[in-house]
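I keep this notebook for a reader who is opening the structure for the first time. Each entry records what I looked up and what I found.

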Amino acid sequence: MQKYYSYLILKFTYIFFTSILLFVHIVARANPFFQQDTLKKRNSFVTTLSPDSLKTDTIKKNSKKGQITDVIKAVDSDSSVYDVINNVMYLYGNARITYGEKQVDAGYIKVDYKDNTIFAKGTTDSLGRFSGLPIFKDPDQGTLTADSVFYNFKTSKGRIFQVYTEQEGGYISGGKIKKQANNEVHLKNVVYSTCSLPYPHQHFGIVITKGIATDKQIITGPAFLEVEGVPIPLPIPFGFFPKPNKRASGVILPTFYEDATLGFALKDFGYYIGLNDFWDLELKGGVYSKGSYETSASSRYTKRYKYNGNIFLSYSSRKYGIEGTPEFEHPTKDFQIRWSHQQNPNAHPGTNFSASVSAATRGAFRNVPDYTYQSLVTSQLNSSISYSKTWANTPFNLSTSLRHSQDLSTGTVSIGLPSLTFSMTTLNPFDSKDRVGEQKWYQRISVGYALRADNQINTFDSLLFKKQTLNQIRSGISHNIPISMSSKVLKYFQFSQNINYNENWYFQSIRKTYLARPTLTGTKDSLAIDTVQGFRRAVDYNVGGSLSTKIYGQVNFKKGKLVAIRHILTPNIGFSYRPDFGKPSYGYYDSVKVDQYGRKQAYSIFENSLFGGPGNGKSAQINFGLENNVEIKVKSAKDTTNNGIKKIPILQGLSLNGSYNFVAPIQKLSQIGFSGRTNFSEKLGISFGGTLDPYVTRVDLVNGQKQLVRTEKFRWQDGMFPRLANFNFSYSYSLNSNSLGKNNQANNPPTGNSDLFKRINAQQAEQLRQISSNANAFVDFNVPWNISLNYNFNYSNDGLNKSVVQTVNTSGDFSLTPKWKVQFTTGFDFVRNTLTTPNFSIYRDLHCWDMSIQWIPFGPFQSYSINLRVKSSILQDLKLSKRRNYYNQF
């Protein structure tokens, strides 16, 4: 307990001194009283009171120094009095003074032309209620509010009492600000708070009792931290801060952290380098008391109207276990790299360059104390760096890319180095631009072309940088030329013919050799595969045609809400032919002895190549298919766009398809595939699919093992329905309070801060993710509840074994009160009869603070975390956290 209290004191001390620096930085940037420039003309000045701060500007004056000569427009809703003797104007009741483009509104305004002063304040009504606070508006700067303001145009001195203004996510309020003639600004009892209320009720505040600000520096007297109105007894007697007026580099203050396994930590300390207005660099590091460390570098860059991006690199070494154990002596080392680059589409029309890179070691997302649930379940990483170009007024385009795919669970890595595609869109070479009338048959012939060159490595992350990995590169070039023609036959039928020519260039091929390995029980048959380097060329082609039409049917109803049932039937039949490229004359296939009895087996010398090899065996088959769409039409008073008729889909794409190969030696009929889907509404979606095997199967015992054999007999010859080889079914449903037509706004009126959860752009989202995700920024408190349900069923039967996978997953959120939100994700596996790992998130909107709780109650990632942080985006690092990691079980 003593250690915990010491940790809290250390944490509050850090927050206090960090807040002082942040306050000075914010005020120096946002309050123009601290940014005065020397006036070139001493006799040219006027005071403008603006929304975010007080600034000075210049206007021309007459020869009489210090007098107001510009036109002042004054209005009021009550009365106005002009004292001719004293040259003073009094405005009462919603008074307004317009001076150029600037405007002052207050309950009471006094303009003294004799003394060159203006005074504005609020008023009290008969019940003693205060209203009509001075409000200063400037079209370039916004709005500022105060209790009262006094300013002398001649001496350039002014006083502001109880100022209130927003400054970059924080609020400056209270106290007194006094401006001197030499552009010095005196501060007294000014509070910088994270609370938006004029009198903060829940706030993290810094009270500056006294201070002086000039154009180059800020000097403060005693200052102290205040939380919930309670002063923290850790004041600083004075402070001196230089005030740069341009982008500056500086030290990043650390965060204190405690981990039960790694020890106490000093995290995220480093240095920020503002290289220029378009490029910055942030270097961070962290050390742990038990010997672990981490470091990272991140950079953002942008060029307006051209491109923008960011890059992140990290490396860590973490020691687990007890000192002296192998786990401790051999630390876990991880690295991670992310790069994102986007080009403005208008920067180079026809040309585009983009990058999305994400690569890491297996433990980079799990071996971190500040992990999230999403990082724990991350298993796939993908990267792509691509360049594309389209030539204007031509059918040609080029694209090239570097690709990366990584499975963190198995450690497999696939890299494309690089991939190039050059293609020509289909065109009609025999057609004429000056043609008049319909196309002739030969003018409907279309031709296309596509070239693809690729290099690929498939390996494991542990072998990625080994020399032998480079010998496993697979390379090849593929050419494809499609030729097609389409025409109508007998008015209602669409007849299409096509010829596809493919030519692949290979730089490696394989050869197989039989090996007989003696064992204690006999001889073991095996095959050795050798890779042969050298250029090989393979050609294949096929021709085909198809015929399709649409048949419409509709049943109309005269009574009731049901208007009609409509059925669209789309049958199609086609024919395709491909020669036997497995003949020895082509040289694409070879044979190898597979056992000691001399039995041989044919194989393609292009096995496992990038593009595969030409098919073995002749094919002359008929393809057939049938697609169905069923919808109903009902009367709907809400649908006024279609004469009050609403269409509801019942079945979308219910299809059957298969093929019959006339020249196949056995089993000429293929498996029958079926699929379908429907969306009754935006909330409900159903899809299904599967395959049917028409042939009878039997099980033979070969060498003591069961082996499935498909016969030539159809199942319906024995009175049986085709065997269901596999089947899948999925169901999704989502529902929220708004979808039920409830008036959510009436039940939960939005607060002034609720919009903060919606103002998150891409850059802010990236920053929030890097500082461990401010979850409240993505929570919509205006929706009382929301739920989604997903059901999945998969069945497979190969004739020997059957398997079933049946799961249901649900996620949602609900608001206990307008300030409390609970989110959850969980599921159930019906086959294993187990509950999948649940994840709960609880959020509390504390006005100017927010609290989030992440809880995984059981499972391999059992853990929890509690975070209390300031909402202000510029003070995101000011937080209190308590966490129990999944590797530190309860």
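The entries below go from strands to salt bridges and then to a surface patch.

Entry 1, ground rules. I am working with a predicted model, in which local features need pLDDT of at least 70 and side-chain atom pairs count only at pLDDT 80 or more, whereas totals for chains, interfaces and linings use all residues. I number residues from 1 along each chain as its sequence is written, and my side-chain values use heavy atoms, with hydrogens and water left out.

Strands here are DSSP runs of E of at least two residues, numbered from the N terminus. E6 runs antiparallel to strand E7 (residues 117-121), and five bridges join them; two strands pair if DSSP finds at least two bridges between them. I found Val111 opposite Ile118 of E7. The two strands form a hairpin with four residues between them, and in the turn Asn116 has a positive phi of about 60 degrees.

Entry 3, strands E33 and E34. I then turned to strand E33 (residues 474-489), which is joined by 14 bridges to the antiparallel strand E34 (residues 493-519). As an example of the pairing, I noted that Ser478 has Asn504 in E34 as its bridge partner. This hairpin has three residues between its strands, and Leu490 takes a positive phi near 55 degrees.

How many salt bridges does the rule give? I record a count of 18, where a salt bridge is a side-chain nitrogen of Lys or Arg within 4 Å of a carboxyl oxygen of Asp or Glu.

I looked at Glu294 and Arg318, whose side chains meet in a salt bridge at 2.5 Å, N to O. Glu294 belongs to strand E25 (residues 293-303) and Arg318 to strand E26 (residues 307-318), so this pair ties together parts that are 24 residues apart in sequence. Are the two residues buried or exposed? Glu294 is buried at a relative accessible area of 14%, and Arg318 counts as buried at 4%. Both also belong to a network of salt bridges with Lys267.

I next noted the salt bridge between Arg723 and Asp693, at 2.6 Å, N to O. This pair links distant parts of the chain, with Arg723 in strand E46 (residues 723-736) and Asp693 in strand E43 (residues 684-693), 30 residues apart. Arg723 counts as buried at 10% relative accessibility, and Asp693 counts as buried at 1%.

For Asp700 and Arg698, the closest N and O atoms of the salt bridge are 3.2 Å apart. Here Asp700 is partly exposed at 26% relative accessibility, and Arg698 is partly exposed at 44%.

Which residues form the positive surface patch? I listed Lys157, Arg159, Lys176, Lys178, Lys188 and Lys210. Strand E13 (157-167) and strand E14 (170-179) are the elements that give two or more residues to the patch. Lys178 lies in E14 and is partly exposed, with a relative accessible area of 32%. Such a patch takes residues with over 30% relative accessible area and no salt bridge, like charges being joined within 9 Å and nonpolar side chains (Val, Leu, Ile, Met, Phe, Trp, Tyr) within 5 Å.

Conventions
Areas by Shrake-Rupley, 256 points an atom, 1.4 Å probe, with all protein chains shown as cover. Lys, Arg positive; Asp, Glu negative; His and termini not counted. Charge placed at Lys NZ, Arg CZ, Asp CG, Glu CD. Buried < 20%, exposed > 50% of the residue type's maximum accessible area, 1.4 Å probe, protein only.
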